[in-house]
Amino acid sequence: MGSDNLLGLPRAPFSEKLPEKADIVIIGGGAAGLATAYAMARLGYSENHRVVVLERGYLGRGSATRNAGRFRVHFFSRENARFAIESRKRILEIPYVTGVNPVIVLGGYLWLFQREETFKAFAKTNEELWRPLGVPVNIMGIEEAEKRFPHIRMSGFVGAAFGPQDGSIHHDYMMIALASYAASRGVIIAPYREAEEIVTENHRVKGVRIRGHGTIEARRVLVAAGVWTGSLLQRLGISLPLKPVRKSLLVTEPYRYFLREFVVVFETGSYVAQTAKGEIIATEKYPPGEPETRDYGKVSLRWLIATMKLVKRLIGDKGVHVMRTWSGHYYVSPDHSHVLGRDPDWPEGLYVATGFSGHGLMMSPYAGELVAINMVEDKVPEDMKPYLPTRFREGKLIHEGLVIG
Amino acid sequence: MESPETVRIYEVTGLTRLMSSLWVLAASESLHGWPARRIPLSSTLLATSVLGLEPYVGSVSNDSGELRVETVSDRVVVVGSSLGGVVAANELRRAGIRVLVISNGVRDVYGLLGLGEEGEYLKQLAGIEPVDGYYVGLYDEGHAFVASDTLYVTRGPVVYAAGAEQPPPIALNNDLPGIVSANYGAEIVAELGYRPRRVVVLGYGYLAPRVADWLASRGVETRLVALKGAVPEKPEKAELVETRGVKGFAGENRVEAVVLEDGERLEADMVVSALGIYPDSPPVYAAGYPPIYVGDCYRFVPELPGPGTDIAERGYLVAAGMAIGYEWLDAVIASARYAAALVAYSMKRIGEGDVEHFYSELREALGKRAKYCPRVSRPPIWLSGEISGLQFIDLDEDLVLYHVYSAWSKGYRTMETLKRATGLGTGSDQGRFSAASSAIILSAISGIDASEIGLFRPRPPYFAPEASLLARAPTEW
């Protein structure tokens, strides 16, 4: 950083002017899109390919900055666990590569179990999957858990598991880190530019029409537009089995930092945690089945009440003041696993990175890398193969049973 | 709906302005080339609140008994029972509409200088009996209000006349060392063992009395300075000093005193800003949210909604009388009447001509004011033309104007990107003051309209309820 950079803040990585032609257009300046742009820069692709990122709002406007900011390596499916381990490595590299500190805290995940059988199944997965992969969790009885985590109320739970490899990252700073690194290596990042339509000709991608700003030519386009991916594909007659599900979060005033762990009630997927700034965040799964919507803004009052009951149950409610609530989305696939790459039946040059089912922030760093390789080198990396969109019609699902929130 | 007697009674009541000294925003030239001499350690992450859970417990206790849920969609809810609320409720009743007035007894006196006995008289005349409670936001189920034993929910229209927040008493010399945020102040006392001799806590929100008491309980001589009648809970241990306003800070090289409006000096070697609670005034945030704002020339507010406005599209939330200014009674009254008229018209209780009438009445009232309405009206943080050092702009996050201006210079040119680049508005108050201040100042520097720079989206609840409060309510009703 130069001496004029008193704030240590990278110059805003935005381009006002767009070229008429690009080699690769990434639609979406969120976690998946920026991680792909970052990978394009890291792998040196942006040196001889003109890469453009189109974002319809500010960077990270969608679910990229509407989440709990957590990452974990513990998934029930082997594919996702391995994928997450790779992604975690790349998350931990971000400050060293970009010079931007995204405030990573390895605070761990603490799962609490209400039933013996789920507790036992989790312990079994630990031995069969996570330990062989080198990321075992620490399984403990409730007495030990009470001793180790005295600030959490354990009544009603039969056991606990602690995953020390897991942690949190500040989503805003992560977006700035990825974007500024990509921009510094020639990627053109254009916020407030909405991709309206992917233009094709003879079953081949030709470019992207930008609302009010003409068309940018490109032969390869990645759709990484979160819950808006579906409608862009729909215009090309492509449909993916993805559903936008609203998820809400409660945020309190900041308090003394006492809760490093991400505390999850296993059976319901509810959680309580604390941000590095001290705010307690929480969500309860209620009412059952959050609405399918692409709208932000409102939350359910019944959900808020249920979440306050959850806070009361896990950490006590004395003096805890709720400052705000907000909602984001999970873009949920049938197997709760992400969708990467392309279907050979699609127009030539069209790719996706989507359907992260609530794991976008944590899976993107690796997903972006695989997609970048896929798009530029025209080969499907081994780790990407299970995630292709063709798996839905081929019935080769990656059943992921460990979904939180 | 003609002018009721109640209004005339009020018009002759002498009102004083709360903040009589308005510092006009410095000319943009003085900000250009403004030297950044020091950059303080940003406390964004370091100054995690150390208040802890236990010492943070205020006097509010609602942990007994169940809350019952009452659906009041058959009524129009009026939030606030000060002048705007009383006038709006009165007009609605005259149109034959049932009204539920929600009033936090404290907030009654928030805006209009303490209505006192006159306020009681007004309420009697209007025939309204307010229920003590808080607006906690707009949800899927409708607008929600919490009273002592009831959770009111409505899908009907709401007239929000709870007043705009007072601007913070931050003025000259806020760059003096020793002026800190509540988080940072608490941290250096609790964690570093720093013992100031005398502390002044500024604020009249929910946080202020608790912060003052917490410091006092640590053996620090603490005074809480709040606008007269505006502090929601009196501190138990700290001394309360009520004032008509804070003029600025005095000191050589470090803060030595807080200077009140009437010239009184309160000696202090540390000043703690506890201005950060979540905003309860939607209008400032109207840019990102859909309440109808019936107000003045405030730059962030969209056009005055015309008589044909569909309030359903605006979440049935109609704001009245806010940011009008305390000295513009005719405008306060006209806006409350027009807000009521918009609601009454949506319920087909009055005709198109009536709405037009109230609309033109408000236009006229605002028109009278227009010539006094500068390009930038009522900046929430006033800067003097004599800026020589750092100027705190977000005391919740200990950010100075330089941080924000520097990020702006580096290309972060909307409020959402500024927020992410600097942490502006990410503290407890969520930019209640700092977002508007920054937008106004940057607007003055750049010539870009403040409304284009934008504000943040409001996120309910508007009032910070204790988790125990709503945990008492059922999830099934």
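1. In chain A, helix H3(A) meets helix H9(A) through Phe83(A), Ala84(A), Glu86(A), Ser87(A), Arg90(A) and Ile91(A) on the one side and Met362(A), Met363(A), Pro365(A), Tyr366(A) and Glu369(A) on the other, where two residues are in contact if their C-beta atoms, placed from the backbone, lie within 7 Å. By class, this contact of H3(A) with H9(A) has seven nonpolar, one polar and three charged residues; Ala, Val, Leu, Ile, Met, Phe, Trp, Tyr, Cys and Pro count as nonpolar, Asp, Glu, Lys and Arg as charged, and the others, Gly among them, as polar. The axes of H3(A), residues 78-98, and H9(A), residues 360-377, come within 7 Å and cross at roughly 90°, and the two helices are therefore roughly perpendicular to each other. Axes here are lines fitted to C-alpha atoms, for helices over the stretch in contact, with angles running from 0 to 180 degrees between N-to-C directions; angles under 35 degrees count as roughly parallel, over 145 as roughly antiparallel, 65 to 115 as roughly perpendicular and the rest as oblique. Helices (H or I, at least four residues) and strands (E, at least two) are DSSP runs, numbered from the N terminus.

2. A word on the basis of this note: the model is predicted, so that local features need pLDDT of at least 70 and side-chain atom pairs count only at pLDDT 80 or more, while totals for chains, interfaces and linings use all residues. Residues are numbered from 1 along each chain as its sequence is written, and chains are lettered from A and ligands numbered from 1 in the order in which they are written.

3. Chain A holds an open sheet of six strands in the order E8-E2-E1-E12-E19-E18, with mixed pairing; two strands pair if DSSP finds at least two bridges between them. Strand E8 (188-190) and strand E18 (339-341) of chain A stand at the edges, each with a single partner strand, so one side of each is left without a neighbour in the sheet. From one strand to the next, the twist averages 20°.

4. Within that sheet, strand E12 (residues 220-223) and strand E19 (residues 350-354) of chain A run parallel and are joined by three bridges, and the bridge partner of Val223(A) in E19(A) is Val352(A). H9(A) packs on the sheet, touching E1, E12, E18 and E19 of chain A, and its direction makes about 175° with that of E19(A). Helix H1 (residues 31-42) of chain A lies across E1, E2, E8, E12 and E19 of chain A, running at about 165° to E2(A).

5. A further open sheet in chain A has three strands in the order E9-E10-E11, with antiparallel pairing. Its edges are strand E9 (195-200) and strand E11 (215-217) of chain A, each with a single partner strand, so one side of each is left without a neighbour in the sheet. E9(A) pairs with strand E10 (residues 205-210) of chain A in the antiparallel sense over five bridges, and in E10(A) the bridge partner of Glu197(A) is Arg209(A).

6. Two residues of chain A deserve a check of their backbone angles. His336(A), in the loop between E17 and E18 of chain A, has a phi near 60°, a positive value in a residue other than glycine; with 23 C-beta neighbours inside 10 Å, His336(A) counts as buried. Asp378(A), in the loop between H9 and helix H10 (391-394) of chain A, likewise has a positive phi of about 60° although it is not a glycine, but Asp378(A) is exposed, with 8 other C-beta atoms within 10 Å. A residue is buried if 20 or more other C-beta atoms lie within 10 Å of its own, exposed if 12 or fewer, and partly exposed in between, with C-beta atoms placed from the backbone.

7. In chain B, both faces of strand E3 (residues 99-102) are covered, for Val99(B) and Val101(B) on one side and Leu100(B) and Ile102(B) on the other are all buried. Strand E2 (residues 76-79) of chain B pairs with E3(B) in the parallel sense over four bridges. Ile102(B) has 26 other C-beta atoms within 10 Å, and, leaving aside neighbours within four places in sequence, is in contact with residues including Val77(B), Val79(B), Pro130(B) and Phe145(B).

8. Where the chains meet, the contact takes 41 residues from chain A and 45 residues from chain B. The largest share of the side of chain A that touches chain B, nine residues, comes from H8(A).
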